Amino acid sequence: MNARFNPLQPFDTLQLPFNEWVRDFFNWISGARSFFRAIRQPVDWVLDSVEGILQALPPGLMIVVIALIAWQLVGPRLAIGSFLSLLFVGMIGAYPQTMTTLALVLTAVAFCAAIGIPLGILASRSDRFEQGLRPVLDTMQTTPAFVYLVPIVVLFGIGNVPGVIVTIIFAVAPLIRLTNLGIRQVPKDVIEAALAFGASPRQLLWRVQMPLATKTIMAGVNQSLMLALSMVVIASMISVGGLGQMVLRGIGRLDMGLAVIGGIGIVVLAIILDRMTQALAQSERERGGQRMLDRGPIGLMRRLAARGKGAEQASAAQPNTAPARSDAAA
Amino acid sequence: MTDTPKRDKIVVRNLYKVFGDRPQEGMRLVREGRDKDEIFAQTGQTVGVVDANFNIREGEIFVIMGLSGSGKSTMVRMFNRLYEPTSGSIEIDGEDITRLNDEGLRKLRRDTVSMVFQSFALMPHMKVIDNVAFGLELGGISREERHQRALHALEQVGLAANAESYPDELSGGMQQRVGLARALCADPPILLMDEAFSALDPLIRSEMQDELLMLQEEKQRTIIFISHDLDEAMRIGDRIAIMQGGVVVQVGTPDEILKNPANDYVRSFFRGVDVSKVLTARDIARRTQVTLIDKPEQGPRAAIRMLETHDREYGYVIGRNRRFLGVASLASLDEARKADAALEKALLPDCPTITPETHLGELMNVVATTPYAVPVVDEDGRYAGAVSRSALLQALDNVIGDEKPSGASTDAAPTEAREGV
């Protein structure tokens, strides 16, 4: 240590104990346990209830419910596709893990939306805030997930909840960016027109900017969802359950079967969720002017209910008259 | 044009607008009389409007004209404070709107001043009817009432059938009708129209101008119309303000400006004017024709003598209170004399007349096909002169030379760009 400074070999003497500093920092910061527990808490609740619901339904019913949702949001083709593929996933023995992963991903995306959309709105309204936020987002997106796995473990421990937190950090950036972008690219003349007709800042945001940015924001949600799914395997290294765990264990034991089963589950989830969120981004008009309530299984139920009621009324008022029947049928 | 004194609706006093981060510094230099470009080079501040002073009367169409960059769009945006004036005042009905707080400003925009945009600026995510009702929606009016009023506004512009369409399903002209309906929906007394028809093709544009004039006839609003198209300004404007480099260089009726342009810039504007659309029969009617007064003691015989003394073939017969009765020719008078009939019997059948407001373009045909000068008769039926073929040709051929700046006579007008007459 007391050797003389040699300019040709500067690192023999010039050394920073950076490693120790970081360790000290984390030791210090993890003293604030209650703070991190407070962050964990809401994630914990949401995750528990989502997973509770998903696991509580019997698998047969659950698969049908997912298929119905797919039909409602997208169409009968995706409904059949998701029914068959989930059936397959269940048959190869990955059903409970799929539900765990689904719960993790949905929770992560819910938090991404709750954090990302307001931040994106703020960024769109203040150039300063956007400038400050941009390097943070860049860092979040470029830092390899492995790197912040460690501090997360130090601060939050291991398990599903820290896994969700890691996933949120990884997946929230594009949603913030796209929300910001979507609002900023609303045409200037439309904004000017809204102001000229007396819109307050809040009205401008909710009646003009947000509706016109919906497509971009939903693309952000879709991106977040995909990133969250891609995080599943990495997060399993801090002992997050579900499909990622299967893949990780399969790799660890060179058990190809297990790894592929996990992989198939992730791909199936990815396709179903991707299609659903993309369909959500479409406006009522792009779906052919049909309102959500008039389409899919809900529409079918409503039509059936209306027909039943119409028929009842018709028979009550004027039994067995042809016009009343045709009215009811129409 | 002070024969109908109207109340001043908008009074603009010492209005300045400087864009940039240090507008006060720009203001200081403007007050020192520096040039717009100089100020930009020195401070990076852009001067929009310099010391504007004018009044806009209630119920008139006030056109603000100028080349692009002359500050006209900036000017109109200060009337609803989309742009904050840097200095000066704008009074609407005596209230200085530059002092309004946010709430007062929103109320002004919702109830008093509405705007039509060059780019239409319709909300692409809303149906036509919701677009039209947008202002009312912002004002918190119930869905039912605002749709009813929006439908009424759409009927005014002839688009009620398209209420459930989306803007991008309509043609440009229809979209701008929606824009107009949106502005009319809250029934505001003041309309701002920022090059509202400039993005439309010429045919649709003149259709829209007619539409605007028709609406204006039904209910007189105060309209501030921005345009760079002189024909448009002449056609619809009651008065015109001409802007140059942020300065209002001249305000007046189209005629006044046409006859007495304030400077070369204004004159250059009018160089391309199609005179046949600007000048009217009133401007070129002459009273050089022989007029015959229809009195009991003055029969055809006296009339013939009058015409012969003046070496004319036609006489213009006028009754009491200068009421125009018709035209008599030497031949018809001679016949009446032989029949010993009154002067009225000598009037030529099917005598065409024109009103003083008829544009030259519209009267060419009748003047060309009538053997005598066509009499001009005002709305009270009084004789106001006659338009001869030679007078018409002279008016169409008259050019204001650059060395002869002010056309003192009524028929002096620039016609260089006119073709084929």
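Which domains does the domain assignment of chain B give, and over which residues?

Modeller: The assignment gives domain 1, residues 8–271, and domain 2, residues 282–394, in chain B; such bounds come from an automatic or database domain assignment. This is a predicted model, in which local features need pLDDT of at least 70 and side-chain atom pairs count only at pLDDT 80 or more, while totals for chains, interfaces and linings use all residues. Residues are numbered from 1 along each chain as its sequence is written, chains are lettered from A and ligands numbered from 1 in the order in which they are written, and side-chain values use heavy atoms, with hydrogens and water left out.

The C-alpha centres of the two domains of chain B are 46 Å apart. Taken along the principal axes, the C-alpha atoms of chain B fill a box of roughly 85 × 55 × 40 Å. Chain B has 18 helices and 15 strands; helices (H or I, at least four residues) and strands (E, at least two) are DSSP runs, numbered from the N terminus.

Of the 421 residues of chain B, 53% are buried, where buried means under 20% relative accessible area, exposed over 50%, and partly exposed in between (1.4 Å probe, protein chains only). A contact means heavy atoms within 4.5 Å. Among the contacts in chain B with a separation of 6 or more, 66% join residues 24 or more positions apart.

Confidence is expressed as pLDDT, the predictor's confidence in each residue, from 0 to 100. Chain B averages 84, and 91% of its residues score at least 70. Helix H13 (residues 275–278) of chain B has the lowest mean, 69, whereas helix H5 (residues 128–132) of chain B has the highest, 95. Over residues 399–421 of chain B, pLDDT stays under 50, and the model has 47 contacts beyond four places in sequence for them. Where pLDDT is low, the predicted coordinates should not be read in detail.

Most residues other than glycine have a negative phi. Ala121(B), however, has a positive phi near 55°, and Asp311(B), also not a glycine, has a positive phi of about 55°. Ala121(B) is in the loop between strand E6 (113–116) and H5 of chain B. Asp311(B) is in the loop between helix H15 (300–310) and strand E12 (314–318) of chain B. Ala121(B) counts as buried because its relative accessible area is 2%, whereas Asp311(B) counts as exposed because its relative accessible area is 68%.
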